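Dear colleague,

Please find below the structure that I am handing over to you. My findings follow directly after it.

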Amino acid sequence: MTAVSYLPSRQFSLIIGSIALSLSLIFGAQYYTAPHSTSSSLTATPGATVGDPDWQATLEQVQTEAAIAAPQTPDPDVVDKLKEAAKSTNITDSVARTLFVSLSSAKAEGLGDDLPTQDKLIAEASSQLQTTVPPIYTSDDVRTAATNKDTLRAYGNAVMTVINAHPGARVYETYVAIGEATDNNDKRKLAPLKEISAEYNGIAEDLILLPVPATLAPLHLKVTNDFAAIAATYDDLRAIGADPLRGIAGLQSYQFYLNETSRLFT
């Protein structure tokens, strides 16, 4: 067999040659038509070529156009009017509405997530929960007597007699009523609080009628007003179902006056 028999046929060689010529023409056309850069630097954006003396002015203009406008501060008078309109006899609703107004106002200023603003909102809400009872009796209501061993002994016995005369003034029953009402979501469980309140109020009314040694008059006045304040908190405690925040505030005041009374007796 001769070497010529291993060579490709004339027709096959013609096809391969045609393909090679076509590829050469394609790559050549791409090379001559593509843009060429003699510099290794990046091509600048049209209108902002490298070395442009106005590049800083152009940059400032772009920043100004892209900047987000600063939020406008809401009118304080309008915000105050909205807060006032949000208040109602229901403390829970009032706190929720005023918090919404305050938070919306803060958000309009770009605030609300920072701690100072949150502390301010909490303080505003807490101020609505103050249910401190003003004193009912004054020094003019106190009947003073001479201060000696006999009057002091008589006064102490009289105070204990008044307290024992109102056994319905019970702390335990108060907590039981509140607990059952909240656990069972049943306002009817709060019914005993009315009678307990009357008992505390009865203690205050009886105490103010006692003759008091002059040296104990200020202390006696404070104790009497504390018992009257305890009785007044029951209006808040009885509202715990319909107005939870009022009920909680009333419970805090109730505990405060109980502790204060115990301290004074001690």
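I begin with Arg238, a residue in the loop between α9 (217–237) and α10 (244–265). Please bear in mind throughout that this is a predicted model. Arg238 is partly exposed, with a relative accessible area of 38%. Leaving aside residues up to four places away in sequence, Arg238 touches Leu190, Leu193 and Lys194. The C-alpha atom of Arg238 is also separated by 8.2 Å from that of Lys187, although the two residues are 51 apart along the chain.

Confidence

The mean pLDDT of the protein is 77, and 62% of its residues reach 70 or more. Among the elements, helix α8 (residues 192–207) has the highest mean pLDDT, 96, whereas helix α1 (residues 10–33) has the lowest, 58. Over residues 39–45 pLDDT stays under 50, and for this stretch the model has two contacts beyond four places in sequence.

The nonpolar core

The largest nonpolar core comprises 35 residues, and those touching the most other members are Leu193, Tyr200, Leu207, Phe227, Ile230, Tyr234 and Tyr254. At least two residues of this core come from each of α6 (149–164), α7 (171–184), α8, α9 and α10. Helix α9 gives the most, with ten residues. Not counting residues up to four places away in sequence, Tyr200 has contacts that include Phe227, Ile230, Tyr234 and Tyr254, together with Ala169, Arg170 and Val171.

Salt bridges

The count of salt bridges comes to seven.

- Asp236 forms a salt bridge with Arg246, the closest N and O atoms being 2.7 Å apart. This pair links distant parts of the chain, with Asp236 in helix α9 and Arg246 in helix α10, ten residues apart. Asp236 is buried, with a relative accessible area of 11%, while Arg246 is partly exposed at 26%.
- Arg153 and Asp150 meet through their side chains in a salt bridge of 3.6 Å, N to O. Both lie in helix α6, three residues apart, which is about one turn of the helix. Asp150 is exposed, with a relative accessible area of 55%, and Arg153 counts as partly exposed at 47%.
- Lys222, Asp226, Glu260 and Arg263 are linked in a network of salt bridges.

With kind regards

Technical notes:
Residues numbered from 1 in each chain as written. Predicted model: local features only at pLDDT ≥ 70, side-chain atom pairs only at ≥ 80, totals over all residues. Heavy atoms only, no water. pLDDT = per-residue confidence, 0-100. Helix = DSSP H or I, 4+ residues; strand = E, 2+ residues; numbered from the N terminus. Contact = heavy atoms within 4.5 Å. Buried < 20%, exposed > 50% of the residue type's maximum accessible area, 1.4 Å probe, protein only. Core = buried A, V, L, I, M, F, W, Y, C linked by side-chain atoms within 4.5 Å. Salt bridge = Lys/Arg side-chain N within 4 Å of Asp/Glu carboxyl O.
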